[in-house]
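Visitor: I'd like to learn how to read a model like this one, feature by feature. Could you walk me through it?

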Amino acid sequence: MTASTSEQAALIGGIYSNHLALEAALSDISSRNIGSIYCLGDLGAFGPHPDRIYPLLKAHSVKTLAGNYDDSLARDLPDCQCGYTDPRDNHFARLSYQYTYRNTSEENRSWLRTLPEEIRFELAGHKVLLCHGSPRRQNEFLWDSTTPDHFLEKFCDDYQADIIAVTHTGMKWKRRLPSGRLFVNVGVLGRPENDGSRRVWYAVLRGMKDRVTSEFIPVNYDAERLALEMREEKLPEEFAETIESGWWTTCLEILPEKERRAGRY
Amino acid sequence: MTGHGNETRELAPAQELESLDELWFQVGGTLCNLSCNHCFISCHPGNDTFGFLSIETVRKYLRESEKLGVREYYFTGGEPFLNRDMMQILEETLSIGPATVLTNGTVFTPGSIRRLRDISQASSYSLELRVSIDGYNPQTNDPIRGEGTFKQAIRGVRMLVQAGFLPIITIAQTWPEEDGPGVFDSFVETLKGAGYERPRIKILPTLHLGMEEERTRPYSRSERISAEMMENYDSSQLLCSRGRTVTDRGVAVCPLLIEAPDAHLGETLEEASGAFRLSHGACHTCYVYGAICSNVGGWGVD
C-alpha cells in the first residue's frame, strides 16, 4: 500500500544553525511531496549565522517545537542546559552558546518564546507525540543503547501515544516496541552523527491503516561551504573539523559506552 | 561508626520518588578485597554486614523493575566481581536494559575480561564499567586504597581497554580544591600512558561516612538540607527522586545510606516507593554536587 501525501509527515531534528543542510532537506522533502513538516527543536548552536534558519522554517510552514537551546535563548539563560560537566565540553558549549545568542535577533528570540514543548497529531488514526528530549524532560538524552523497551512502553502509556519521536542526542535510531508501538529518534540536520560521513538525517513517518512506519532519509549538502562559513565566523576549528570529517570532537562525555566506542574520539 | 544521626529527621524535607529510573543493586554487599580508608560503608574482606545478592534475588527485582519502567541498572558493593553470580547477573540484566558496574578493577583475569566482552557484545544495551582509582600514581593512590592497588587497578584498566572497553575512571576527590585542574591533567596523562587514549573520567566528592568520617571529619550539624533549600531546586539531582537500591535486606533509598536504619523502605520496589526524609549529611553532599552516583552528571573540574 502506498501512503498518500496526507498520511506522511517529515520530522527534522536539531538544526544547530546548519542552514545549508536545512535548505537541502526542505528541498528533498518537497520533492517527495510530503505536506506536513515538523521540527523537533534546537534551531541554533554549533553552526554559523543562526538567523538564516528562521525564514526557511517560515517559508516552508514548518511546525516547530522548542528544544533546550531554544528555551535558553528565549529566556535569556546563561547556558544551553545540556548539563555538561567535563571542562573541555563546557568550554566549547559556552563558546557556541555565546556566539548563537549574540547572533540571534530579538525578533527571532521572541518567536522562540511562542514555541510549544510538544506537538501532537494523528497519522492515519494513530496518535503521534513529538518532543525534543523526552516526553517528560526537554533535555533528557534518549540513546539507543541506554533506553530499554519497557521504559519506552511506559512513556507510551503515560503520555497516551502510539508513536513518540524525539531528537536531542544527535544520533538517529528507532525501535518497534513489543506492543507494536513505535519510538523514533529522528537524528539531527545540524551535524553528522559521529560515523565518519558528512551526511545528516531526517525521518519520514508513513501512516497506514494498521500501523505507522518510519524511514530515515540521508541528506547531502555543501559541507565544505558550511565549514568555510564557520571559520569565517571564527567558530572553533573543532566544530568545522566535525562538519568535514563526520566525527564528533566535542560534547563526548554524554555518549554511552556503545555510542562512544563507535566514534573516533 | 556509621555517622547516621537522626536528630534532625522531623524537620527535614521529604523527597518523593518521582520516577524509578535507576535501580541499584548492592550486589557485592560490604565485602571487598580492598580496605580503602575513605570508604563510606567501610567495606573490607571481613565486613559481611551486607552480603552478596544471588542471581535469584536480582532476577526477582529485574522482573518487578520492568513493570515499573526502570531505565538503567547499576551494580555496586563492596567489589561486585567477587560475587560468583556476577557474570550471569550481567547477562540477564543486559537482555532487558543497560548496566553499569562500579569496580575497583583489581580482580579481573584474562578469562573474566573475555567473558565480559562477550556479554557486552551480545547485548544491544551498553555495559559501563566504572573503575575506582583515587590517585594518578602509587604515591597518591596507595595511601588511600592500599599498597599495590594502583598497579593492580591500572593493569585492570589496560586489560579492559585492550578488550575494547572504555571504562569510566571514577575518582574520589581527596586533594585540595585549588589543585583540581592539575590533578585532572595528571590523571589523563597517566591513563594515556597505560594505553587508554581517550579516557573517560568522573570525579566525585567524598562522603563523610564510614571510614571517611574517621579519615577526615564527620558531617557537621549545619550540613543538612532545609525546606527552604528545596525551593526552586531541581530535585532530579537527588538520586532518591529517581532511584532505589536493592540490598540483601530489602530495598534501601540509595547506595550511600544503606547503613542508616531509616533508609530501609520495604521488601519490594513497590513498598519502597514512598517519600524519604532528607535528614542526613550525605543528602547534603548529594544536594550540593548533584547526581553524584549516576554515570552522567555530577561534578567535574571546571
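Predicted model: local features only at pLDDT ≥ 70, side-chain atom pairs only at ≥ 80, totals over all residues.

Visitor: What is the phi of S17(A), and is the residue buried or exposed?

Guide: Its phi is near 65°, a positive value in a residue other than glycine. Buried means under 20% relative accessible area. S17(A) has a relative accessible area of 0%, so it counts as buried.

Visitor: Which loop holds H49(A), and what is its phi?

Guide: H49(A) sits between β2 (36–39) and α2 (53–59) of chain A. Its phi is positive too, near 50°, and again the residue is not a glycine.

Visitor: Let's step back. How many helices and strands does chain A have?

Guide: Chain A has 9 helices and 10 strands. For the overall form, a handy check is to set the radius of gyration beside the value for a compact globule. With 265 residues, that globule would come out near 18 Å; chain A has 17 Å, so the two agree. The C-alpha trace spans about 50 × 40 × 35 Å along its principal axes.

Visitor: What share of the residues in chain A is buried?

Guide: Of the 265 residues, 62% count as buried. The accessible surface of chain A comes to about 10000 Å², and carbon and sulfur atoms hold 47% of that. As for contacts with a separation of 6 or more, 69% are between residues 24 or more positions apart.

Visitor: And the charges: how many positive and negative side chains are there in chain A?

Guide: There are 33 positive and 39 negative side chains, and the centres of the two sets lie 2 Å apart.

Visitor: Can we zoom in on one helix? Which residues of α8 in chain A are buried?

Guide: Helix α8 covers residues 237–245, and F239(A), A240(A), T242(A), I243(A) and S245(A) are buried there. Their cover includes α4 (87–102) and α7 (223–232) of chain A. After α8(A) comes G246(A), with a positive phi near 85°.

Visitor: Where does L235(A) lie, and which residues does it contact?

Guide: L235(A) is in the loop between α7 and α8 of chain A. Its relative accessible area is 8%, so it is buried. Leaving aside neighbours within four places in sequence, L235(A) is in contact with F46(A), G47(A), P48(A), Y99(A) and M230(A). Take F46(A): it is 189 residues from L235(A) along the chain, yet their C-alpha atoms are separated by 8.0 Å.

Visitor: What about chain B? Where is its cis peptide bond?

Guide: A cis peptide bond joins G77(B) and G78(B), with omega about 15°. G78(B) belongs to the loop between β3 (72–76) and α2 (86–94) of chain B.

Methods:
Residues numbered from 1 in each chain as written. Chains lettered and ligands numbered in written order. Heavy atoms only, no water. Helix = DSSP H or I, 4+ residues; strand = E, 2+ residues; numbered from the N terminus. Rg over C-alpha atoms; globule rule 2.2 N^0.38 Å. Buried < 20%, exposed > 50% of the residue type's maximum accessible area, 1.4 Å probe, protein only. Contact = heavy atoms within 4.5 Å. Areas by Shrake-Rupley, 256 points an atom, 1.4 Å probe, with all protein chains shown as cover. Lys, Arg positive; Asp, Glu negative; His and termini not counted. Charge placed at Lys NZ, Arg CZ, Asp CG, Glu CD.
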